[in-house]
2 protein chains.
Amino acid sequence: MSDVLRNIRIVLCEPSHPGNIGAAARAMKTMGLAALHLVRPQRFPDPEARWRASRAVDVLERALVHDCLDDALRGTGWSLACSARPRDIAVAEFPAREAARLAVERARAQPVAVVFGNEASGLTSEDVNRCRARAFIPADPDYSSLNLAGAVQVLSYELRTAAVGEGGPALARELATHEELESFYAHLEQVMAATGFFDPDHPRKLMPRLRRLFARAELAREEINILRGILKALARR
Amino acid sequence: MSDVLRNIRIVLCEPSHPGNIGAAARAMKTMGLAALHLVRPQRFPDPEARWRASRAVDVLERALVHDCLDDALRGTGWSLACSARPRDIAVAEFPAREAARLAVERARAQPVAVVFGNEASGLTSEDVNRCRARAFIPADPDYSSLNLAGAVQVLSYELRTAAVGEGGPALARELATHEELESFYAHLEQVMAATGFFDPDHPRKLMPRLRRLFARAELAREEINILRGILKALARR
């Protein structure tokens with residue numbers, strides 16, 4: 001399942017700040033990505049990169065450093081340039097989610113690269129055009145400048161989600177059975193009638209309202225037991 | 001459309017590092033979120049927060065500081081605790097994408113809070129239980145520790161995506177018409193036959209292969225014009 005993620009490399013082109021390299025490594029590793037390629041990093045290796053990587057220093061230690069983007073793309077069957085700026089480029093453009101789906105699909109067969117540019121200047125048009133497609137993160141048009149590690153985090157998250165699914169809900173709880181629930185309602189009605197709060201001859205809409213409340217709450221058996229315990233204790237007073 | 005995002009506040013509980021507060025503000029702003037609430041920040045305001053916020057300092061300047069989580073949640077109709085650790089908690093749990101959909105749905109009616117814990121220790125069970133539901137980012141089980149700003153970036157991205165959609169493909173290109181494409185194939189076949197590369201009496205599968213290639217390429221009219229220009233130039237030699 002996450003084997004396909006092993007076939008996806010993250011390429012950072014000319015990153016200026018070693019802290020961002022470390023933060024990108026951490027972002028990758030949280031999503032099961034391990035292959036980091038650096039094109040002409042300004043400072044690498046560097047203690048700040050290690051510090052920001054936290055427990056992802058293994059990703060930094062295995063990172064490969066290249067002189068040019070072509071070297072970092074060697075062997076890939078598909079590559080995705082992440083770039084916020086719309087520009088006159090040759091390749092197809094996809095929002096991050098769709099781009100990640102395509103990348104994962106292609107990574108099942110061949111290595112795929114996801115390429116990010118420099119913090120300040122992004123990728124050049126030339127770099128984008130050396131890739132097979134452009135990905136963009138749909139951001140607020142008034143301020144669309146994610147920091148580098150943030151962009152790597154979003155893409156890595158979308159790649160993982162495309163590979164392994166969006167994460168099901170937590171384990172389904174075992175709900176009370178129909179008859180447990182009906183016994184509870186009968187008990188509740190009886191206690192309310194005994195206190196005089198509920199008048200069976202003028203029921204208004206009290207029971208339907210309470211049924212609606214407890215239906216939404218999706219009671220488990222042990223919760224019904226707690227509620228009936230409270231009712232019993234109250235009735236004894 | 002993004003009005004609903006104005007109804008969602010991000011709450012950071014006891015953040016240790018001002019840099020993370022700044023990076024979180026930037027992550028929020030890129031996704032159209034503006035309301036930042038801080039519960040007992042260790043250092044705030046702080047120049048490092050401003051530096052990491054980049055052009056999102058306005059979010060920092062309008063941030064509200066509180067003494068306790070309850071104050072930060074005042075007025076909200078729903079709240080989401082972001083916490084990676086499964087624990088014995090009272091509230092429902094959802095993966096980030098589903099949690100963001102629910103948050104946006106509820107934010108159409110009432111203010112909603114999305115709550116993050118301290119960098120090292122996360123949210124306490126008590127804090128999680130003061131919220132209405134828990135969100136988790138589906139990460140690699142072997143290393144699920146996103147940094148604070150990375151987690152804020154992913155949730156903010158999912159909130160924006162839930163509010164405004166996942167971002168359509170870029171503007172559809174205008175493709176060549178059927179007859180332009182057929183004229184091109186006829187031209188191509190004629191030039192190939194004239195050079196002897198294509199033998200109409202022994203066509204093998206050449207034209208179907210070329211048709212498949214060009215169908216995938218989804219040619220635009222101007223691209224057909226370029227290709228026919230090349231064919232003409234070659235035929236003249």
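This is a predicted model: local features need pLDDT of at least 70, side-chain atom pairs count only at pLDDT 80 or more; totals for chains, interfaces and linings use all residues.
Student: Which residue lies over the face of Tyr143(A)?
Tutor: Lys29(B) does, at 5.1 Å from the ring centre. A charge sits over a ring if NZ of Lys or CZ of Arg is within 6 Å of the ring centre and within 35 degrees of the ring normal.

Student: OK. What lies over the face of Trp78(A)?
Tutor: Arg106(A), at 4.6 Å from the ring centre.

Student: Back to the two chains. How many residues of chain A are in contact with chain B?
Tutor: 40 residues of chain A touch 40 residues of chain B. Contact means heavy atoms within 4.5 Å.

Student: How much area is buried between them?
Tutor: About 3400 Å², and carbon and sulfur atoms give 53% of that. Buried area is the accessible area (1.4 Å probe) that two parts lose on being put together, summed over both.

Student: How many salt bridges cross the interface?
Tutor: Four. One of them joins Glu166(A) and Arg101(B), with the closest N and O atoms 3.4 Å apart. The rule wants a side-chain nitrogen of Lys or Arg within 4 Å of a carboxyl oxygen of Asp or Glu.

Student: New topic. How many aromatic pairs are there over all chains?
Tutor: Four. Rings of Phe, Tyr and Trp (its six-membered ring) pair if their centres lie within 6.5 Å; planes under 30 degrees apart are stacked, over 60 edge-to-face, the rest tilted.

Student: Why is the pair of Phe184(A) and Tyr185(A) called tilted?
Tutor: Because the planes are at 40°, with the ring centres 5.7 Å apart.

Student: Is Phe184(A) buried or exposed?
Tutor: Buried, at 2% relative accessible area. Tyr185(A) is buried too, at 4%. Buried means under 20%, exposed over 50%, partly exposed in between (1.4 Å probe, protein chains only).

Student: What does Phe184(A) form with Phe214(A)?
Tutor: An edge-to-face aromatic pair, 5.1 Å centre to centre and 90° between the planes. Phe214(A) is also buried. Ring pairs link Phe184(A), Tyr185(A) and Phe214(A) into a cluster.

Technical notes: Residues are numbered from 1 along each chain as its sequence is written. Chains are lettered from A and ligands numbered from 1 in the order in which they are written. Side-chain values use heavy atoms; hydrogens and water are left out.
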